[in-house]
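Hi everyone, thanks for making the time. I'd like to walk you through one protein chain today, so please have a look at it with me.

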Amino acid sequence: MSALSRGLISRLRLIASNPTRTTTTTTTTAPYPFFFFLRRFGTADALVDGASEESSQMQQSRVMTRNSKRTGVIAVKCGMSALWDKWGARVPITVLWVDDNIVSQVKTLQKEGITALQIGCGQKKEKHLTKPEVGHFRAQGVPMKRKLREFPVTEDALLPVGTSIGVRHFVPGQYVDVTGITRGKGFQGVMKRHGFKGMPASHGASLSHRSLGSTGQRDAPGKVFKGKKMPGRMGGKQRTVKNVWVYKIEPARNLMWVRGQVPGAEGNFVFIKDAFYKKPDISLLPFPTYFAPEDEDPAALEPLVADLGEVDPFMVAD
């Protein structure tokens, strides 16, 4: 199938959109297997038919190994609050909202050469998307999503298209890495951008109190080296905060509280995955993700809080 040209696939989809064709003698209707054949172009072969045995096996929990790598999720930064530890110090807490994450595409070694999952977050109207984006979602058979992100995974962590991923993909007490775009601060000087102390406030320093001073050398080498810290655009770059501790999870609203701050402004998208350095206990993580029982009511679930031991570090000591 990989050898078929893009034009042939487009032609087949055009025929599929008009399955009934009228001739001079009879009227012929395209059979159902033809549409199933077209559906196989959208996803990997093993992940196409949700009713197949292979797909049903992929929706079951498996055994996670030390080399297994789970997918991440896309969240929206809701805001920041604060708690107090036992010494009376203020501890920042960031609230993240995992908004309707589903698997929108599966990439396998046989087709794309990698094993990865494309995750979609949020909702968006078709009129606000480009035609290639609409075609992508229709080919995969998933709803229109507002944000997409690809997460590399191991082969044993692949999930079928359309699988929902909630906040219970993580467990309280584990560490995660959070990636986002930092706040853009515009064009800034060296004192704010790099922490320079500036020029003297007296003794002849006229109108140069916040300048950077000398930038180069004398006749040799007679240039400014690359990488010199100078004024320029500050912020607006992708940064990852590592080893962020998950304090609490609320499945009813798909919210999670993490200790510390994460990059980006309120309302921005952030990408969460298992910590690389402080790896969580694989026996506690749902693998490849958390599958809710059929009789479970998400609205009736209580928040899950990390085990803090005998003394709560967020409470002021009496």
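Let me begin with a question: which residue in E14 does Val176 stand opposite? It is Asp274. Before I go on, a word on the source: this is a predicted model, where local features need pLDDT of at least 70 and side-chain atom pairs count only at pLDDT 80 or more, while totals for chains, interfaces and linings use all residues. Residues are numbered from 1 along each chain as its sequence is written, and side-chain values use heavy atoms, with hydrogens and water left out.

Now the overview. The protein chain has five helices and 15 strands; helices (H or I, at least four residues) and strands (E, at least two) are DSSP runs, numbered from the N terminus. Of the 318 residues in the chain, 35% are buried. Here buried means under 20% relative accessible area, exposed means over 50%, and partly exposed is in between, with a 1.4 Å probe and protein chains only. The accessible surface comes to about 19,600 Å², and carbon and sulfur atoms hold 53% of that; these areas come from the Shrake-Rupley method with a 1.4 Å probe, and for residues only the protein chains shown count as cover. Among contacts (heavy atoms within 4.5 Å) with a separation of 6 or more, 71% are between residues 24 or more positions apart.

Back to E14, where we started. Strand E9 (residues 175–181) pairs with E14 in the antiparallel sense over five bridges; two strands pair if DSSP finds at least two bridges between them. Strand E3 (residues 73–84) also pairs with E14, antiparallel, over four bridges. There, Ile74 has Phe271 of E14 as its bridge partner.

Next, please find the open sheet. Its four strands come in the order E7-E6-E5-E8, with antiparallel pairing. Strand E7 (147–152) and strand E8 (164–165) are at the edges with a single partner strand each, so one side of each has no neighbour in the sheet. Between E6 (residues 116–121) and E7 there are six bridges, and Leu117 has Phe151 in E7 as its bridge partner. Helix H4 (residues 131–140) lies across strand E5 (101–107), E6 and E7, and runs at about 85° to E5. For that angle, axes are lines fitted to C-alpha atoms, for helices over the stretch in contact, and angles run from 0 to 180 degrees between N-to-C directions.

Let's finish with some backbone details in the loops. Which bond joins Ala220 and Pro221? A cis peptide bond, with omega about 5°; Pro221 sits in the loop between helix H5 (190–193) and strand E11 (232–234). The peptide bond from Phe287 to Pro288 is cis too, with omega near 0°, and Pro288 is in the loop between strand E14 (269–274) and strand E15 (304–305).

Two residues other than glycine have a positive phi on my list. For Asp100, phi is near 50°; this residue is in the loop between strand E4 (90–97) and E5, and is partly exposed at 31% relative accessibility. For Leu207, phi is near 55°. Leu207 belongs to the loop between H5 and E11, and is exposed, with a relative accessible area of 86%.
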